[in-house]
Amino acid sequence: MHDLHCKNADEMHSPVLAKRVHELKETQRGVELMCHEMEKIYSEGMESGEKRGELKKAKETALTMAEEGMDAKMIARLIKVSEKDVQKWINENLCVMK
């Protein structure tokens with residue numbers, strides 16, 4: 001457990017873990033690899049965040065349309081999501097309002 005809290009490879013007890021940490025943090029190739037992996041993680045996070053934002057906006061729009069009297073089938077067609085999702089959002093909103 002000690003080694004997992006160390007910031008420097010030379011503080012670690014496990015020679016195997018220390019060697020790998022040294023390779024990743026203190027060599028040009030390791031730093032480039034870590035930068036690449038971090039960029040990939042960041043990009044994936046941004047993409048999923050954008051999708052969540054789009055879905056949140058679609059849900060808000062669907063609920064507003066439902067409040068105006070539109071049926072789930074029409075809403076789903078207009079905002080391009082499944083009718084099942086729209087109906088679920090409407091039902092959830094009704095439960096919250098009660």
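Biologist: Let's begin with C6. Is C6 buried or exposed?
Modeller: C6 is buried, with a relative accessible area of 13%. Buried here means under 20% relative accessible area, exposed means over 50%, and partly exposed is in between, with a 1.4 Å probe and protein chains only.

Biologist: And what does C35 count as?
Modeller: C35 counts as partly exposed, at 40% relative accessibility.

Biologist: How many disulfides are there in the whole structure?
Modeller: A search of the whole structure turns up 0 disulfides, a disulfide being a pair of cysteine sulfur atoms within 2.5 Å.

Biologist: Before I go on, where do these numbers come from?
Modeller: This is a predicted model, so local features need pLDDT of at least 70, side-chain atom pairs count only at pLDDT 80 or more, and totals for chains, interfaces and linings use all residues. Residues are numbered from 1 along each chain as its sequence is written, and side-chain values use heavy atoms, with hydrogens and water left out.

Biologist: What is the average pLDDT of the chain?
Modeller: The chain averages 90, and 97% of the residues score at least 70. pLDDT is the predictor's confidence in each residue, from 0 to 100.

Biologist: Where is confidence lowest, and where is it highest?
Modeller: Confidence is lowest in helix 5 (residues 83-97), with a mean of 87, and highest in helix 4, at 95.

Biologist: Now the fold. How many helices and strands does the chain have?
Modeller: The chain has 5 helices and 0 strands. The radius of gyration is 24 Å, well over the 13 Å that the globule rule gives for 98 residues, so the chain is more spread out than a compact globule. That radius is taken over C-alpha atoms, and the globule rule is 2.2 Å times the number of residues to the power 0.38. Helices (H or I, at least four residues) and strands (E, at least two) are DSSP runs, numbered from the N terminus.

Biologist: What box do the C-alpha atoms fill?
Modeller: Along the principal axes, the box is roughly 65 × 30 × 15 Å. Of the 98 residues, 20% count as buried.

Biologist: Back to helix 4. Which residues of helix 4 are buried?
Modeller: Helix 4 (residues 72-79) has A72, I75, A76 and I79 buried. Seen down the axis of helix 4, these buried residues fall within an arc of 100°, so they line one face of the helix. The arc is that of the directions from the helix axis to the C-beta atoms.

Biologist: Which exposed residues sit on the face turned away from the buried side of helix 4?
Modeller: That face of helix 4 carries K73 and R77.

Biologist: And what happens just after helix 4?
Modeller: There, K80 takes a positive phi of about 60°, although K80 is not a glycine. Most residues other than glycine have a negative phi. K80 lies in the loop between helix 4 and helix 5 and is exposed, with a relative accessible area of 72%.

Biologist: One more: where is H13?
Modeller: H13 is in the loop between helix 1 (2-5) and helix 2 (15-26), and counts as exposed at 62% relative accessibility.

Biologist: What is H13 in contact with, leaving aside neighbours within four places in sequence?
Modeller: With those neighbours set aside, H13 is in contact with H2 and D3, where contact means heavy atoms within 4.5 Å.
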